[in-house]
Amino acid sequence: DFNAQFEKKLIEHKRQCDSFFKWGTPSTATVSSQTLRTMQGLNNWIQTNRMAIDGVLGEGEFDAFLEMGGAFGGARKLFVCSPRVYRAVNNFAKNRLVTVPQDETYGLAIQSYLWGGLDVWIVVDQELKGAQYSGYGFLVDPDYLVVRPFIAYGGNDKYTGTAYCKRIENI
C-alpha cells in the first residue's frame, strides 16, 4: 500500500533529520557543477559552552551550566536533554516537595526551569540514551536558532504542497 509505505519512509526521514540536527557534520561537495552541503548539528556547532560532569549531575553544576549558557542571548532557552539528565533536574525539585497522606499521585514532570532571569524550557529526547549519550543535554537559544529548509534547484520543491506538509505534521 502506497500510503503505508509513504508514512514509514516519512517517519524514517524525520528520524534522520532529528539525527542531523544533533550530530550532523558540515561538508561541501561539488557534483555536476552544483554545490551540495550537509547540515551542521548542535554537537558539532556548540564548541565553547560545554561542560563535562563526572558522576551525578548536581544542582550546583546545573546552575553553573545555565550561567555559562545564559550569559548571552535572550531570556528564553531550550534545553534538549537525555532522560537521565532530565531525571537529575527533576530530583532538584523533588527534594523540596512536601506531601501529605491524602495525596494519591506523587512525582514530577518539570517542563520549565526558572533560574536567574532565564526561562529554560526542557525537552526530553528519547534518542539520547545508552552509555554514549545518556549524559547529553543541549542548551539552545530559540531566538537565534535558524533552520534553513532544503529547496530543490531552481526554487521548485515538489514536496512543499499542502497535502504533503499536513502529512508531515500528523506523523
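S32 sits in the loop between β1 and β2; helices (H or I, at least four residues) and strands (E, at least two) are DSSP runs, numbered from the N terminus. This is a predicted model, in which local features need pLDDT of at least 70 and side-chain atom pairs count only at pLDDT 80 or more, while totals for chains, interfaces and linings use all residues. Residues are numbered from 1 along each chain as its sequence is written, and side-chain values use heavy atoms, with hydrogens and water left out.

S32 is not a glycine, yet its phi is positive, at about 50 degrees. Its relative accessible area is 66%, so S32 is classed as exposed; the classes are buried under 20%, exposed over 50% and partly exposed in between, with a 1.4 Å probe and protein chains only. The hairpin of β1 and β2 has two residues between the strands. Strand β1 (residues 27-31) and strand β2 (residues 34-38) run antiparallel and are joined by five bridges; two strands pair if DSSP finds at least two bridges between them. V31 stands opposite Q34 in β2.

With a relative accessible area of 38%, Q40 is partly exposed. What does Q40 touch, leaving aside its neighbours within four places in sequence? Q40 is in contact with F20, G24, P26 and W45, where contact means heavy atoms within 4.5 Å. The side chains of Q40 and N44 make a polar contact of 2.9 Å. A polar contact is a pair of N or O atoms within 3.5 Å; within protein, one must be able to donate a hydrogen and the other to accept it, and residues adjacent in sequence count only if both atoms are side-chain atoms.

Next, a lysine. K22 belongs to helix α1 (residues 2-23). Is K22 buried or exposed? Its relative accessible area is 2%, so K22 is buried. Its side chain has a polar contact of 2.7 Å with that of D18. Not counting residues up to four places away in sequence, K22 touches G41, L42, N43, D125, E127, L128 and F138.

Now helix α4. Its 12 residues, 83-94, should span 16 Å at 1.5 Å a residue, and the end C-alpha atoms are 16 Å apart, which agrees; the expected span is 1.5 Å times one less than the number of residues. The buried residues of α4 are P83, V85, Y86, A88, V89, N90 and F92. They pack against α3 (59-69), β3 (76-81), β4 (112-115) and β5 (118-124).

L66 touches Y113, W115, L118, V120 and L139, not counting residues up to four places away in sequence.

Overall, the protein has six helices and six strands, and buried residues make up 23% of its 171 residues.
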